[in-house]
Amino acid sequence: MKATLDRDINQQVMEQADEIARRFAAAQPFRHVCIDGFFSTDLAARLAESFPEFDEQLSINENGEVGGKCVHEKVRELGPDWRELDDLVQSDDFRLLMSRITGVPDLEYDPNYFGGGTHENRHGQSLDAHVDFNLHPITRQHRRLNLIVYLTPEWRDEWGGSIQLHRDPYLPPSQDEIITVTPAFNRAVIFETNEYSWHGFPVIALPEDKRHLSRKSFALYFYTDTRPEDELGPAHSTIYVEEHLPEDMHAGMVLSAERLQHIRNLVTRRDQHLRRLYGNIMQLNTELNHAREQQGRKPPPVPEEDSESDDLEGLQEMLGRREAEVRRLAARIEELENSTSWKVTRPMRSLKRLVAGR
């Protein structure tokens, strides 16, 4: 069945596009909008019915372990309903509708669905507040918009998993500005992607009789060839801010077994994050030293030979980029180690090493 905007998008969305655009432009802590009944009733029902099974091979997390999140990026392989959806979101009409709502012109669809596609999150899964990578890894286009449509028939905020938009997740939650959006069925969230569009969701804690449910969604990111100069930033991957320690913690309090395990989990995740960052720095330093060695082996440039001069300039430029990336990662590690939550958890880390016999 060939996708069409009139059939596959709720008619009210198109009729109210200008009002939706006003809500998007005025939203805080950054531009976003929530739209209920985004797809047509028929398409939403078919997507929910044909949502792919959880595949452990597609749920390997950043630590190389099977996690509680499964992502299918090859959307067209999921069946005819998903091919219809893919035809829809890449169409000129759909991208023009997204531009009309957000004010971002010349939006480009990502056929690779890099980081997007279907997302399924199970009980116990969470997503730390983060800003997304800002350049597409293949095209190097600027990431501008996130579109997420939820496809779980039943959900409540008290179960966790509701997306949260943050003004500044480095602040304790009581000082942060947080907008919470329940992942209700066929609800879309559209938000801009920039250097401060922080978002994530708290841990999913389903009741015993609801453990058969999972948080299901379709995610698509839009790109442009350029972006406003005042929105430009250094190229980066996704930047996470780990969850803070509970604000009600105080000296002398007795920790329940559940609270103690939660704190241990927070420390473990922070340790894993630091190991990844240190690993990135070691890799970059290795590549930087190799590049320096290669530069040292090259014969002195001959001024008359423009090609050799160009080669040297290119190598120096590459070295400069590598050094800048090393400095950025080192600064990030220093930031983590000096953060309030890192300092507060120092005694817990010492206890953890003591229990482990290290």
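This is a predicted model: local features need pLDDT of at least 70, side-chain atom pairs count only at pLDDT 80 or more; totals for chains, interfaces and linings use all residues.
Five strands make up an open sheet. Their order is S7-S6-S9-S4-S11, and the pairing is antiparallel. Two strands stand at the edges: S7 (178–181) and S11 (239–241). Each has a single partner strand, so one side of each is left without a neighbour in the sheet. Neighbouring strands are turned by 25° against each other on average, direction ignored.

Strand S6 spans residues 163–166, and strand S9 spans residues 198–201. The two pair in the antiparallel sense over three bridges. Here Gln 164 stands opposite Gly 200 in S9.

**Arg 143**

Arg 143 sits in strand S5 (residues 142–150). Its relative accessibility is 2%, under the 20% cut-off, so Arg 143 counts as buried. The side chain of Arg 143 makes a polar contact with the side chain of Asp 132 at 3.3 Å. Another polar contact, at 3.2 Å, joins the side chain of Arg 143 to the side chain of Asn 146.

Neighbours within four places in sequence are left aside in what follows. On that basis, Arg 143 is in contact with Asp 132, Phe 133 and Asn 134, among others. Its contacts also include Thr 193, Tyr 221, Phe 222, Tyr 223 and Arg 227.

**Backbone geometry**

Most residues other than glycine have a negative phi, and most peptide bonds are trans. The residues below depart from that pattern in phi.

| Residue | Phi | Location | Relative accessibility |
|---|---|---|---|
| Tyr 113 | about 50° | loop between H6 (92–102) and S3 (117–121) | 3% |
| Arg 140 | about 65° | loop between S4 (127–131) and S5 | 47% |

Tyr 113 is not a glycine, yet its phi is positive. Tyr 113 counts as buried because its relative accessibility is 3%, under the 20% limit. Arg 140 also has a positive phi without being a glycine. At 47% relative accessibility, Arg 140 counts as partly exposed. The loop that holds Arg 140 runs between strand S4 and strand S5. Strand S4 is one of the strands of the open sheet, and S5 holds Arg 143.

The peptide bond from Gln 28 to Pro 29 is cis. Its omega is near 5°. Pro 29 belongs to the loop between helix H3 (17–26) and strand S1 (32–35).

Terms used. Residues are numbered from 1 along each chain as its sequence is written. Side-chain values use heavy atoms; hydrogens and water are left out. Two strands pair if DSSP finds at least two bridges between them. Helices (H or I, at least four residues) and strands (E, at least two) are DSSP runs, numbered from the N terminus. Axes are lines fitted to C-alpha atoms, for helices over the stretch in contact, and angles run from 0 to 180 degrees between N-to-C directions. Buried means under 20% relative accessible area, exposed over 50%, partly exposed in between (1.4 Å probe, protein chains only). A polar contact is a pair of N or O atoms within 3.5 Å; within protein, one must be able to donate a hydrogen and the other to accept it, and residues adjacent in sequence count only if both atoms are side-chain atoms. Contact means heavy atoms within 4.5 Å.
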